[in-house]
Amino acid sequence: MKLGSVAREKTRSGFLAEVRRRSGTNPADCYQCGKCTAGCPLTFAGDLDPARVMRLVQLGQRDAVLQSRTIWLCASCETCTTRCPQEVDLASVMDALRIMAREAGLTQAAREVAIANAGLLGSVKSRGRVHEMMLVLQQNLRTLHLFRDAEKGPVLMLKGKMDPLGHKRGARDQVRRLFENVARMEAAERAASTTPRCACSDEGGEA
Ligand code: SF4
Ligand code: SF4
């Protein structure tokens with residue numbers, strides 16, 4: 001095998017292995033039947049359908065996958081996971097891809113979705129639940145669409161769906177502990193992935 005081919009194969013298998021490790025499922029098991037795509041409620045809106053995402057992961061097309069709108073539009077409804085005859089947990093793959101895209105700073109393709117995600121998490125973290133009004137205002141400010149959906153505000157307020165003062169605070173302490181646990185787990189995962197492996201463990205423990 002030529003050197004270029006070896007390097008390409010290493011990159012492909014490295015990406016596949018990383019997605020597998022982070023998602024806890026094996027994208028290589030996907031045999032492209034398309035059942036996930038047929039059931040996904042957001043296939044019409046994405047630039048890649050779910051089965052195509054899986055194929056690109058298998059092929060190690062890291063940038064194409066991490067820059068796609070699809071991973072940000074995925075609603076984590078798990079329809080794909082339920083339908084997959086190969087028991088591939090595609091919803092978890094989407095989760096893993098979003099995390100990887102964020103870490104790589106590759107979120108321009110769906111900048112507004114990334115802003116909404118960050119706003120929502122920030123709101124939950126500080127209050128224990130979402131402050132819808134604040135979330136919409138921040139989103140419009142950060143995306144420079146100041147009056148987007150402004151006409152819907154009064155209707156939602158009249159129907160009690162949106163409280164200008166924010167609904168009653170949620171279980172803030174429990175939610176805070178949740179965020180702390182996730183941060184600890186992520187730090188441990190990062191540490192594990194950067195710790196060099198002992199060469200002796202690759203040799204079957206031989207002295
Ligand atoms: S989890 Fe995401 S990819 Fe899967 S069916 Fe739902 S929206 Fe589509
Ligand atoms: S349903 Fe499963 S096997 Fe079929 S294309 Fe989707 S991920 Fe692959």
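L120 counts as partly exposed, because 16 C-beta neighbours lie inside 10 Å. That number falls between the two cut-offs: a residue is buried at 20 or more and exposed at 12 or fewer. Beyond its neighbours within four places in sequence, L120 is in contact with V130 and L135. V136 is 16 residues away from L120 along the chain, and the two C-alpha atoms are separated by 9.6 Å.

What does helix 8 meet in helix 9? From helix 8 come I115, A116, G119, L120 and S123. From helix 9 come M134, L135, Q138, Q139 and R142.

Two packed helices are described by the angle between their axes and the distance between the axes. The axes of helix 8 and helix 9 (residues 132–142) come within 10 Å. They cross at roughly 145°. The crossing of helix 8 past helix 9 is right-handed.

Step back to the whole chain. The protein has 11 helices and 0 strands. Along the sequence the pattern reads α-α-α-α-α-α-α-α-α-α-α. Of its 207 residues, 18% count as buried. Among contacts with a separation of 6 or more, 65% join residues 24 or more positions apart.

Now the ligands. Around ligand 1 there are 15 residues, and C40, C74, C77, T79 and C80 come nearest. Helix 6 (79–83) and helix 7 (90–103) are the elements that give two or more residues to this shell. Helix 7 gives the most, with 3 residues. By class, the shell around ligand 1 has 11 nonpolar, 3 polar and 1 charged residues.

Ligand 2 has 14 residues around it. Which of them come nearest? They are C30, C33, C36, A51 and C84. Helix 2 (35–39) and helix 3 (50–58) each supply at least two residues of the shell around ligand 2. This shell has 9 nonpolar, 3 polar and 2 charged residues by class.

Just after helix 3, G60 takes a positive phi of about 75°.

Positive phi also turns up away from glycine. Most residues other than glycine have a negative phi. L144 is not a glycine, yet its phi is positive, at about 60°. D149 is likewise not a glycine and has a positive phi of about 60°. Where do L144 and D149 sit? L144 is in the loop between helix 9 and helix 10 (152–158). D149 is in the loop between helix 9 and helix 10 too.

Are L144 and D149 buried or exposed? L144 is exposed, because its C-beta has 7 others within 10 Å. D149 counts as exposed because it has 11 C-beta neighbours inside 10 Å. The cut-off for exposed is 12 or fewer.

Further along, A171 lies in the loop between helix 10 and helix 11 (172–194). A171 is exposed, because 11 other C-beta atoms lie within 10 Å. A171 and R129 are 42 residues apart in sequence. In space they are 7.8 Å apart, C-alpha to C-alpha.

Last, the confidence of the prediction. The mean pLDDT of the protein is 84. Of its residues, 84% reach 70 or more. Over residues 201–207 the pLDDT is below 50. Beyond near neighbours in sequence, that stretch has 2 contacts in the model. Where pLDDT is low, the predicted coordinates should not be read in detail.

Methods
Residues are numbered from 1 along each chain as its sequence is written. Chains are lettered from A and ligands numbered from 1 in the order in which they are written. This is a predicted model: local features need pLDDT of at least 70, side-chain atom pairs count only at pLDDT 80 or more; totals for chains, interfaces and linings use all residues. A residue is near a molecule or strand if its C-beta atom, placed from the backbone, lies within 6 Å of it. Helices (H or I, at least four residues) and strands (E, at least two) are DSSP runs, numbered from the N terminus. Ala, Val, Leu, Ile, Met, Phe, Trp, Tyr, Cys and Pro count as nonpolar, Asp, Glu, Lys and Arg as charged, and the others, Gly among them, as polar. Two residues are in contact if their C-beta atoms, placed from the backbone, lie within 7 Å. Axes are lines fitted to C-alpha atoms, for helices over the stretch in contact, and angles run from 0 to 180 degrees between N-to-C directions. A crossing is left-handed if the near helix is turned anticlockwise from the far one by less than a right angle, and right-handed if clockwise. pLDDT is the predictor's confidence in each residue, from 0 to 100.
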